Amino acid sequence: MPSSPENTVAFIGLGVMGYPMARNLLSGLGPEKTLLICDVSTEALDRFLEEAQGQAVVQVISNGFEATKVADTVITMLPGSDAVKSVYLDPITGILAGAVAAAETGLPSPKLIIECGTIETDTIQAVAKATQEVSASTLENTLTFVDAPVSGGPMGAQAGTLAFMVGCPPAVSDRTFPVVKSYLKYMGREKDIFLCGDVGAGTAFKVINNYLSAITSLAASEALNIGTKAGLNVKLLTDVINASGGQCWVTSKSNPVPGIQENVPSNRNYEGGFRIELCAKVLGMGSKLAKSVGARTVLDKPTLEAFREAMDDDRYRGKDARVVYKWLNESESQDVK
């Protein structure tokens with residue numbers, strides 16, 4: 001195991017997003033750093049080790065405990081609340097337990113733990129509270145938890161162009177945010193790393209962004225399907241929309257109509273993007289957030305209904321969320337609810 005915690009970074013969660021993020025992080029860290037990797041998939045771990053040969057020191061660890069035991073920086077990209085609670089809070093294998101164990105051999109060193117997934121706000125707050133309590137009672141306030149969810153999808157993760165929405169404790173943000181940014185810049189665009197407020201604010205920003213993105217995915221698909229059904233030149237229609245008031249990320253960066261743009265999921269049978277199930281999940285998170293703060297919503301329910309109808313069909317299940325265009329195009333208008 002590495003002997004210098006300050007020169008060791010751990011990355012936990014090598015999924016569709018986490019794998020390319022960790023690869024870009026490795027490229028940016030340089031040979032003086034050691035990268036620890038952890039995932040439930042041995043295939044992902046083996047592939048990462050093979051691809052990383054000759055780049056830098058990469059080692060496999062088994063859990064969050066091992067991560068904070070030997071690394072001063074831990075980044076996680078986890079799929080949901082259950083995984084976050086397990087990886088961070090498990091008393092035997094968790095990140096917090098590892099930080100405590102690391103301090104048993106001497107004075108605790110400053111440690112930074114960053115969660116980059118889109119996780120329920122309640123879970124983020126629970127981890128933040130547990131971290132603060134452990135840090136204050138046992139670690140002399142040296143452990144800091146930050147939420148930093150991402151936007152940009154698998155394509156952005158691969159290209160290293162992600163945006164990050166960071167929530168950081170205000171009392172330490174002046175010194176902590178620059179450190180956070182120094183790592184996140186390897187996985188995204190530095191100008192698109194935003195300090196959104198206290199812990200949890202990053203998640204709220206992300207949920208609201210995804211709420212809007214999910215609804216515009218359906219709206220843009222409906223508009224372009226109208227053009228297709230009308231026999232219009234949809235490439236030209238897209239150009240006109242993108243030069244006009246209807247322009248949005250879906251029409252300009254991830255067009256749902258096959259053949260309109262290069263290197264987008266619609267050209268790969270809607271594979272390799274932001275799955276419709278995840279899109280529906282974060283839309284639901286947005287609805288929950290709206291309800292909790294007393295904000296009236298109108299478009300979330302019919303959009304969720306459309307997603308669920310598409311997900312119930314094997315032809316669209318598991319595909320990129322822009323597959324709703326194909327669902328609309330292949331549906332009879334009188335059957336669409």
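Which backbone nitrogen does the side chain of Asp320 reach at 2.8 Å? In this predicted model, where residues are numbered from 1 along each chain as its sequence is written, local features need pLDDT of at least 70 and side-chain atom pairs count only at pLDDT 80 or more, whereas totals for chains, interfaces and linings use all residues. Side-chain values use heavy atoms, with hydrogens and water left out.

**Asp320**

- The backbone nitrogen in question belongs to Phe274, and the Asp320 side chain also reaches the backbone nitrogen of Arg322 at 3.0 Å.
- Asp320 is found in the loop between helix H13 (300-311) and helix H14 (324-329); helices (H or I, at least four residues) and strands (E, at least two) are DSSP runs, numbered from the N terminus.
- Asp320 has a relative accessible area of 2% and is therefore buried, a term that means under 20% relative accessible area (1.4 Å probe, protein chains only).
- Leaving out residues up to four places away in sequence, Asp320 touches Pro265, Tyr270, Gly273, Phe274, Arg275 and Ile276, contact meaning heavy atoms within 4.5 Å.

**Nonpolar cores**

- The largest nonpolar core has 37 residues, of which Phe11, Met21, Phe48, Cys116, Phe164 and Val166 touch the most other members; such a core is a set of buried Ala, Val, Leu, Ile, Met, Phe, Trp, Tyr and Cys residues joined through side-chain atoms within 4.5 Å.
- Elements that each supply at least two residues of this core include strand S1 (8-12), helix H1 (18-29) and strand S8 (162-167), and H1 gives the most, with six residues.
- Beyond its neighbours within four places in sequence, Met21 is in contact with Phe11, Met77, Cys116, Val150, Ala157, Leu162, Phe164 and Met187.
- Ile95, Ala99, Val127 and Ala130 are among the 27 residues of a second, separate core.

Terms used. Buried means under 20% relative accessible area, exposed over 50%, partly exposed in between (1.4 Å probe, protein chains only). A polar contact is a pair of N or O atoms within 3.5 Å; within protein, one must be able to donate a hydrogen and the other to accept it, and residues adjacent in sequence count only if both atoms are side-chain atoms.
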